[in-house]
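Hello,

I am passing on a structure that may be new to you.

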Amino acid sequence: MNEIQAGNQEFKSSGVLTFLDNLTLNFKDKKIEEEYKKEFFKNSLIPFRFSFIIVILLYSAFGYLDLVTSSEFMSEFFLIRYFIVLPVLLSVFILSFHTYFMKIWQLLLSICFIISGSGIIYMLLRNPDNIYYYGGMFLIFIAGYFFIKLRFIYAIIPGIVLLLFYNISALLLYAIWDITYQYILSTNAFFISANIICVFALYSNEKLQRLYFYQKILLSEKQREIAEINENLETQVLERTKLLDIRNKSLKEEIKHSKNIEYKLTIAKNKAEESDHLKSIFLANMSHEIRTPMNGILGFANLLKESGITGEEQQKYLDVIENSGVRMLNIINDLIDISTIEAGQMSLKKVEININEELNKIYHFFLPDAQFKGIQLLFKYPDKDQDFELSTDLKKLQNIFKNLIKNAIKYTNEGVIEIGYLKNESQIQFFVKDTGIGIPKDKQDIIFKRFVQADSSLSSAYEGAGLGLSITHSYVDMLGGNLWVQSEEGIGSQFYFTIPYKSQNQIGEVEKVFVKKGISMSQLKEKTILIVEDQKSSDVYLTAIVKNLCKDIEHVQNGFEAIEACTSNKDIKLILMDIKMPEMSGYEATKKIRKFDKETIIIAQTAYALPGDREKSLAAGCNDYIAKPIHKDDLINLISKYFPE
């Protein structure tokens with residue numbers, strides 16, 4: 001219906017009804033005209049029948065006027081009225097109940113209009129002095145134009161035909177029936193006036209009807225467009241509705257319990273304010289935690305520049321710098337871990353471990369720290385003679401224990417710290433118990449949230465960013481377990497966490513690390529180590545660590561130079577490959593080297609230290625991976641794996 005839309009737009013903008021013929025009032029679009037005719041007939045049929053009954057009754061009743069006012073012409077008028085006009089009207093009325101009537105109804109009505117009007121005209125010509133017939137003629141015009149609902153073009157033609165019939169008859173019979181010209185003129189004035197009034201009234205009426213019909217079409221078209229849009233939207237709405245159904249059900253329940261909702265909103269508001277408060281405390285705490293070790297590093301580094309310091313003082317300053325660096329690194333590692341967890345990028349890497357063996361390592365790792373504070377550290381075996389195997393992520397299990405034990409040592413000034421586990425058929429329950437300061441009841445529900453410490457005031461004597469327990473909680477969740485705490489302020493705390501346990505015959509495939517051995521360490525001393533590092537300070541540091549392990553050290557600063565060095569120097573047996581370098585990364589360089597050299601040991605070293613870096617390094621062809629900052633002993637131990645004695 002593009003033409004309809006265009007017509008409506010033009011009608012709105014200019015006020016001109018361009019979709020109608022201004023003379024005939026026909027629609028220019030033939031399809032619309034046909035639709036209008038059908039609706040016009042449908043709406044006109046009942047009014048037509050009703051009007052025809054009235055016209056037939058009135059035409060019959062007006063026979064009484066013939067008897068009273070024109071008795072000398074009674075026989076003629078009686079013949080016209082009852083044997084010509086009324087039979088025609090009755091025939092058309094009866095035919096209106098036939099289906100064929102729809103095709104010719106307006107033509108038949110025009111004929112009825114002309115015949116009934118001609119009868120009145122004949123009566124006026126025969127009896128000019130009878131004023132009642134003027135009223136009858138006026139009623140004929142009104143009935144034809146309005147009551148019977150002839151269309152404008154069908155109504156105006158019979159009106160003109162009647163005027164012509166009257167004038168021709170009057171001119172032919174004026175001498176015979178003694179009709180004067182004044183009478184003809186006055187009667188014409190009446191007929192023409194009545195016809196013009198009815199014509200203009202009918203023209204305006206039909207124009208409004210057609211405009212209304214056209215607006216209905218436009219409205220129908222818009223409704224159809226809206227229906228199509230709604231139909232297209234319905235699919236999307238249905239899909240979203242499925243997602244919202246569960247929420248709607250809960251919302252209905254919440255509406256029934258408005259007071260409960262208000263209570264929950266109040267709690268949520270308090271939590272939001274508490275979260276904002278905790279973040280503010282965290283920012284202040286982080287500022288303190290970062291600036292404090294930085295102050296130790298920069299301050300004591302400057303003191304080392306001063307002249308006259310003794311060897312003992314120098315060693316003391318270096319210890320402070322090292323401890324501050326470790327503290328700074330721990331903070332950075334915690335921030336990286338929490339960011340990785342929140343981004344959903346933390347993955348599991350399960351291996352088979354011996355629980356007693358691993359916990360024993362953790363115990364001996366923290367034993368010096370506990371002894372330094374005068375605290376007794378105990379490891380409770382459920383059965384020393386039995387080794388329990390567990391399939392889990394070893395690094396995450398180690399980090400869980402390290403965070404819990406570090407907290408226990410930090411918040412315990414005297415007494416005992418006890419670590420251990422209990423085993424049943426479905427899970428293993430680990431614990432870390434201490435006799436420290438304890439956790440207030442109102443803090444026990446929030447200590448596992450990010451940036452929260454039991455004592456988060458600025459006056460707290462305990463260092464830390466408030467991320468350890470949050471990371472621990474996330475790790476336990478990832479391992480499929482639960483973490484909880486039992487504590488009493490001033491008495492101590494007991495942290496418990498579970499890990500699902502599978503017996504040996506239930507353990508699926510887990511990662512097994514195969515170490516490819518190179519030449520011996522003594523043989524390495526006759527070979528070359530290649531350091532691929534674009535940072536001068538890192539190059540100097542690595543050189544200082546490995547200078548006694550080999551005969552020669554070669555230095556390059558990017559991947560291209562590394563490939564060239566490996567191609568030209570066959571004595572290179574160990575490569576310390578930096579990952580992030582200009583021109584070509586360590587990943588790309590390793591892949592290209594592996595195309596022609598499968599034997600040389602390549603250890604990736606990077607400052608990124610993000611989850612997945614080790615896997616990417618191994619996938620590129622590296623034998624192993626170490627994260628910066630690199631500790632001398634860690635690097636030596638890693639190299640020893642591949643160059644055994």
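**What I found**

Threonine 528 has isoleucine 572, in E10, as its bridge partner. Before going on, please note that this is a predicted model, where local features need pLDDT of at least 70, side-chain atom pairs count only at pLDDT 80 or more, and totals for chains, interfaces and linings use all residues. Residues are numbered from 1 along each chain as its sequence is written, and side-chain values use heavy atoms, with hydrogens and water left out.

Threonine 528 sits in strand E8. Helices (H or I, at least four residues) and strands (E, at least two) are DSSP runs, numbered from the N terminus. With a relative accessibility of 5%, threonine 528 counts as buried; buried means under 20% relative accessible area, exposed over 50%, and partly exposed in between (1.4 Å probe, protein chains only). Leaving aside residues up to four places away in sequence, threonine 528 touches residues including Asp552, Asp571 and Leu574, where contact means heavy atoms within 4.5 Å.

Strand E8 (residues 528-532) pairs with strand E10 (residues 572-578) in the parallel sense, over 5 bridges; two strands pair if DSSP finds at least two bridges between them. Helix H15 (residues 536-546) packs on the sheet and touches E8, E9, E10 and strand E11 (601-606), its direction making about 160 degrees with that of E8. Axes here are lines fitted to C-alpha atoms, for helices over the stretch in contact, and angles run from 0 to 180 degrees between N-to-C directions. Helix H17 (residues 586-594) also packs on the sheet, touching E10 and E11, and its direction makes about 155 degrees with that of E10.

The sheet is open, with 5 strands in the order E9-E8-E10-E11-E12 and parallel pairing. Strand E9 (552-556) and strand E12 (624-627) each have a single partner strand, so one side of each is left without a neighbour in the sheet. From one strand to the next, the twist averages 20 degrees.

Most residues other than glycine have a negative phi, and most peptide bonds are trans. Glutamate 583, in the loop between E10 and H17, has a positive phi of about 70 degrees although it is not a glycine. Glutamate 583 is exposed, at 65% relative accessible area. Lysine 628 and proline 629 are joined by a cis peptide bond, with omega about 0 degrees, and proline 629 lies in the loop between E12 and helix H19 (632-642).

Next, the salt bridges: the whole structure has 13, each being a side-chain nitrogen of Lys or Arg within 4 Å of a carboxyl oxygen of Asp or Glu. Aspartate 571 forms one with lysine 527, with the closest N and O atoms 4.0 Å apart. Aspartate 571 lies in the loop between helix H16 (559-568) and E10, and lysine 527 in the loop between helix H14 (521-524) and E8, so the pair ties together parts that are 44 residues apart in sequence. Aspartate 571 is partly exposed, at 37%, and lysine 527 is also partly exposed, at 26%.

As for the chain as a whole, its secondary structure comes to 19 helices and 12 strands, and 41% of its 645 residues are buried.

Best wishes
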